[in-house]
Amino acid sequence: MMGENDVEAVIREQPLSPAAQLFHSPRFNCYVIAIMGCKTRINPDVVKSGLEHTLLKHPRFSSKLVVDSNWRKKKRWTRTMVNLEDHVIIPDFDPNTDFPDQFVENYISNLTTTPMDLSKPLWELHLLNIKTSDAEAVGVFRIHHSMGDGASLISLLLACTRKTSDPEALPCVPGQKRVGSTNSGRFWWFLLAIWSVLRLIWNTLVDVFLFVVTILFFKDTKTPIKGALGVEQNIKKFVHRTVSLDDIKLVKNAMNMTVNDVVLGVTQAGLSRYLNRRYGEDEKNRGQKQRKNNLPKSIRLRATVLVNLRPTAGIQALADMMAKGSKTRWGNLIGYILLPFTIALQDNPLDYVRQAKATIDRKKRSLEAICTFSSGQLILRTFGVKVAAALTHRVLSNTTMAFSSLVGPLEEISFYGHPIAYLAPSVYGHPHALTIHCQSYVNKMIIALAVDPNVIPDPHQFCDDLEESLKLIQAAVVKNS
């Protein structure tokens, strides 16, 4: 039987999950960035007090990484005393700088060049009381990816917020609607079920085959936005653009789609516009005549999408865990899917969205994420972290970009009394020169880009292309209706 001291030791020490070990490998050292624009100046003392009563109650945010000194070098989380002065960073700068937006971008970009101190919990909060074009102040969380998957970490941060209209109420985040099957006619339902299972098996086999050959040799086309070997070690730049969620929902409702379908279609259109311009500039530099369509034929461009196979704990459950010490699910259970984009200039802007919907519907009928997760676990346990990290790095290196999206609060929220204007999460440390994350918030959609400035020197132009693509798609819907 375990004694009281043994139970206490188990509580205070937890081994790293396989995915967490992966995120500490030298070529896959990943961090989550969450940029919060606030509508008022940030009071550091109020924020520190709030963190002490919420975030520090979470075991991961009050634990440091410890590596055994023996030959096994086993890593584990060990509870420790947290000094908030080491984690809440308030830089000294001139708040009246001439280019505040550029200053904030450069400040966050510089964070990507400095690793975290492993002798303390792996998170930081930077408070920048500087007025930008879309906020009165900016808060920047930097959290090591080994502490949790992106969706769980953002949910945890939201559990630290409250509705601006009701300071005691947690944010309302809509859940995903699941379409139920109709049982009209048992015979036809039975045939449909058999067909669905067969299609699921076939799609899964095809996706797993493509995943394996991507590890071996199947690479994306070398385009102007594809990073070279070692891109994960380069400095990254973070920019964002806010567009209307109502415009996206207008397209969604008119075309009987989901918000994700529309967002992916807008991304596909924006990528096509941006790449067409970059290829045109290359031809101009070579002295060739520019054309309307400068895109090469049959561009292979895929995004890697991380899928958390563990259902994300609800905001209420996370808030209860921090307030009452209750238990909830936590950790990285991550699978991968490879999402192909069609890069072309379409005469009808709505074709981008139709193609995106077809791609997403096809991926929903596949167990690719479960298979990649299971095989990854098997490889990690059989061959170790180095082999698993090398294979993961190869998959990502042979694709072009990373893509993700999250649903945010329906009402305005406040971070310890500071109303939030926008929330722009992202990630860096993986071998991609471009990461696109879409985050909804009230009636906005924030499109956040993380780019290697050596590969994509004009990320704001890319944002312009994404915004213009949404306008064209929305205008086409209005015209058709």
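Visitor: How many aromatic pairs does the structure hold?

Guide: The structure holds 10 aromatic pairs. Rings of Phe, Tyr and Trp (its six-membered ring) pair if their centres lie within 6.5 Å; planes under 30 degrees apart count as stacked, over 60 as edge-to-face and the rest as tilted. One of them joins Phe 23 and Phe 28, a stacked pair with 5.5 Å centre to centre and 10° between the planes.

Visitor: Is this model predicted or something else, and how are the residues numbered?

Guide: It's a predicted model, where local features need pLDDT of at least 70 and side-chain atom pairs count only at pLDDT 80 or more, while totals for chains, interfaces and linings use all residues. Residues are numbered from 1 along each chain as its sequence is written, and side-chain values use heavy atoms, with hydrogens and water left out.

Visitor: Which rings are linked into a cluster?

Guide: Tyr 31, Phe 238 and Tyr 428, through ring pairs. Tyr 31 also has Arg 142 over its face, at 5.2 Å from the ring centre. For that, NZ of Lys or CZ of Arg has to be within 6 Å of the ring centre and within 35 degrees of the ring normal.

Visitor: Switching to charges, how many salt bridges are there?

Guide: There are 16 salt bridges in the structure, each being a side-chain nitrogen of Lys or Arg within 4 Å of a carboxyl oxygen of Asp or Glu.

Visitor: What does Asp 207 form with Arg 362?

Guide: A salt bridge, with the closest N and O atoms 2.8 Å apart. Asp 207 lies in helix 6 (residues 186-216) and Arg 362 in helix 10 (residues 350-364), so the pair ties together parts that are 155 residues apart in sequence. Asp 207 is buried, with a relative accessible area of 4%, whereas Arg 362 counts as partly exposed at 24%.

Visitor: What about Asp 207 and Lys 363?

Guide: Their side chains meet in a salt bridge too, at 3.5 Å, N to O. Lys 363 lies in helix 10 and Asp 207 in helix 6, so they tie together parts that are 156 residues apart in sequence. Asp 207, Arg 362, Lys 363 and Glu 368 are linked in a network of salt bridges.

Visitor: And which residue does Arg 277 bridge to?

Guide: Asp 465, with the closest N and O atoms 2.6 Å apart. Arg 277 is in helix 8 (residues 259-285) and Asp 465 in helix 13 (residues 459-480), 188 residues apart. Arg 277 counts as partly exposed at 28% relative accessibility, while Asp 465 counts as buried at 1%.

Visitor: Zooming out, how many helices and strands does the chain have?

Guide: The chain has 13 helices and 16 strands, and buried residues make up 49% of its 481 residues.

How values were computed
Helices (H or I, at least four residues) and strands (E, at least two) are DSSP runs, numbered from the N terminus. Buried means under 20% relative accessible area, exposed over 50%, partly exposed in between (1.4 Å probe, protein chains only).
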